[in-house]
Amino acid sequence: MSNNTSAALYALLGFAIFSTHDVIVKVLGVSYQPFQILFFSGLFGFPMVMMMLMRDQTEANLIPRHPWWTALRTLAAVATGISVFYAFSVLPLTQTYAIIFASPLIIAVLSIPILGETVGWRRWVAVALGLSGVLVVLRPGGTELGLGHAAALTGAFGGALASVIVRKIGKDERTIVLMLYPMMANFVLMGVALPFVYVPMTLPDLVGTLAMSILVNLAGLCMIVAYKKGDAAIVAPMQYSQIIWATIFGVLLFSEFPDAMTLLGAAIIIASGLMIVFREGTKDASETTPVLRTRSRFETGTAARLSPTLRKRGIIDQK
């Protein structure tokens, strides 16, 4: 088995586990507000980050070198967590994924002002194609749009913004700083909101939030192995396999049968994302390659961010 084939399989496994995590979010979202789910998910995720903090031998403090960028990224991660968890709770899985898959398109656009990236006509075509796919999914005027759709779009934007900022400051900031601040902010802000939305949780539901933390970290390990074994241009597109799991889980667990327009829109969005990924994987692509080097999983502030870990281990570049 070639390294790229092995990497693709690990990535497929990782994204399958991520999809299972999202199913639990949807199940819990029936009974609990996103603030409560995020709080307990982050609470159970803290031990892993604390262990990483204790093992970090770098002689430095936890004060960020880029405080304003760190603050903006932290807010983006928290907003993404709330938005995505809410979207999963109220929208069909396939529809939520289809909208979130627009994130690489937003990354390509945000890379212009934040990274100084030059976006050529091919990527602009891909962005335009992807946005048309979003419109196909949303069907403004033809379907009733609600807060769930706005939340999914907010999650796509917030995840893209957080990813691009990591790309900008990741070479200067300590890995633990990049991981700790979103988790701390998520824990504090969700804790402040918790008394207003708290509903006593049953033992199975608490176990579900614990399982979320275990699954997201297990999936992260799979992605680390995938990026270590193969090319980023091979690993990154595997995220789109989640639409298959969303369809399977949606039909079997939630009686959600995606309509033709949702699947068509998702296909258009995926095609546009693949255009950008493969373009950035070519030899004449720019050095920043923002989509390839930031796309793994939207950041919610409940688990360790993958890309800083990859940089620290030298698996992806430090540029």
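Buried residues, meaning those under 20% relative accessible area with a 1.4 Å probe and protein chains only, account for 55% of the 319 residues in this protein. The model is a predicted one, in which local features need pLDDT of at least 70, side-chain atom pairs count only at pLDDT 80 or more, and totals for chains, interfaces and linings use all residues. Residues are numbered from 1 along each chain as its sequence is written, and side-chain values use heavy atoms, with hydrogens and water left out. The protein exposes about 13,800 Å² (Shrake-Rupley method, 1.4 Å probe), and carbon and sulfur atoms supply 69% of that area.

The protein holds 13 helices and zero strands, taken as DSSP runs numbered from the N terminus (H or I, at least four residues, for helices; E, at least two, for strands). With contact defined as heavy atoms within 4.5 Å, 88% of the contacts between residues at least 6 apart in sequence join residues at least 24 apart.

Two packed helices are described by the angle between their axes and the distance between the axes. Here the axes are lines fitted to C-alpha atoms over the stretch in contact, and angles run from 0 to 180 degrees between N-to-C directions.

Helix α3 (residues 67-90) packs against helix α8 (residues 175-197) at about 55 degrees, with the axes 9 Å apart. That angle makes α3 oblique to α8, the class left once under 35 degrees (roughly parallel), over 145 (roughly antiparallel) and 65 to 115 (roughly perpendicular) are set aside. From α3, the contact draws on T70, R73, T74, A77, V78 and I82, and from α8 on L178, Y181, P182, A185, N186, L189 and M190. By class, these comprise nine nonpolar, three polar and one charged residues, where Ala, Val, Leu, Ile, Met, Phe, Trp, Tyr, Cys and Pro count as nonpolar, Asp, Glu, Lys and Arg as charged, and the others, Gly among them, as polar.

Helix α4 (residues 93-100) and helix α11 (residues 242-254) come within 8 Å, axis to axis, and cross at roughly 160 degrees, which makes α4 roughly antiparallel to α11. L93, T94, Y97 and A98 of α4 meet Q242, I243, A246, T247, F249, G250 and F254 of α11. This contact has seven nonpolar, four polar and no charged residues.

Q95 also lies in α4 and is buried, with a relative accessible area of 11%. Beyond its neighbours within four places in sequence, Q95 is in contact with V137, R139, H149 and T262. Q95 and T247 are 152 residues apart in sequence and 9.5 Å apart in space, C-alpha to C-alpha.

Terms used: Buried < 20%, exposed > 50% of the residue type's maximum accessible area, 1.4 Å probe, protein only.
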